[in-house]
Amino acid sequence: MYQEVRLNSKRNEVYRIFKDDKTYISKTFANIDDFYKEEEILNILKKNGANVPNIIESKSNKIIMEDLGQLTLLSWYEDLEKQNSLEYDEILVKLCCWIKNFHNITLAHFNEQVVLWDVNFRNFIIKNNEIYGVDFEQSCPGNREFDAGKLTAYALTYEPYMTNWKIKFRNK
């Protein structure tokens, strides 16, 4: 069996590929420079032990990578808010550790601070209760505080906006 299911992406063509009994993610980049940046950062992070998907194949403007599953940080976040659950400390700490690790690895490699820039909760996958980062094409030089600010702004302004639950999450 072979099937392609299109995934949400504003900038690229991203598909979950079902082939026989395995699944993969195929990402075709609209911009070749974004392709090179994503490939480079994925390789740097993987080499340094960060939780990112394995690259299975990379050619032209397409990366085929390991499918980490469908539990995004956004879906986890939305579910917890619907349940009004405050059981988010463990994942929140792991997210902050993942982002700190990203900053440290990229600083050591590029000798300048690099930020994720696109701190969208869909760009983090939860697999086996661990955080994995995906989507690095917009990473660029910047200050760590930028990512922290975008993270908290995203948490507060995802619909419905500024709920009491979101404010508690942001404060934590």
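This is a predicted model: local features need pLDDT of at least 70, side-chain atom pairs count only at pLDDT 80 or more; totals for chains, interfaces and linings use all residues.
What share of the contacts with a separation of 6 or more in the chain comes from residues 24 or more positions apart? The figure is 59%.

**Overall build**

The chain holds five helices and nine strands. From the N terminus on, their order is β-β-β-α-β-β-α-α-β-β-β-β-α-α. The radius of gyration is 16 Å, close to the 16 Å from the globule rule for 172 residues, so the chain is as compact as a globular protein of that length. Along the principal axes, the C-alpha atoms fill a box of roughly 45 × 45 × 25 Å.

**Burial, surface and charge**

Of the 172 residues, 41% are buried. The chain exposes about 9700 Å². Carbon and sulfur atoms supply 49% of that area. The chain carries 23 positive and 26 negative charges. Their mean positions lie 2 Å apart.

| Property of the chain | Value |
|---|---|
| Box filled by C-alpha atoms | roughly 45 × 45 × 25 Å |
| Distance between mean charge positions | 2 Å |

**Helix 3**

Helix 3 spans residues 89–110, 22 residues in total. From first C-alpha to last, helix 3 reaches 31 Å. That is close to the 32 Å expected at 1.5 Å a residue.

Which residues of helix 3 are buried? They are Ile91, Leu92, Leu95, Trp98, Ile99, Phe102, His103, Ile105 and Thr106. Asn111 follows helix 3. The phi of Asn111 is positive, near 60°.

Technical notes: Residues are numbered from 1 along each chain as its sequence is written. Side-chain values use heavy atoms; hydrogens and water are left out. Helices (H or I, at least four residues) and strands (E, at least two) are DSSP runs, numbered from the N terminus. The radius of gyration is taken over C-alpha atoms; the globule rule is 2.2 Å times the number of residues to the power 0.38. Buried means under 20% relative accessible area, exposed over 50%, partly exposed in between (1.4 Å probe, protein chains only). Contact means heavy atoms within 4.5 Å. Accessible areas come from the Shrake-Rupley method with a 1.4 Å probe; for residues, only the protein chains shown count as cover. Lys and Arg count as positive and Asp and Glu as negative; His and the chain ends are not counted. The place of a charge is taken as NZ of Lys, CZ of Arg, CG of Asp or CD of Glu. The expected span of a helix is 1.5 Å times one less than its number of residues.
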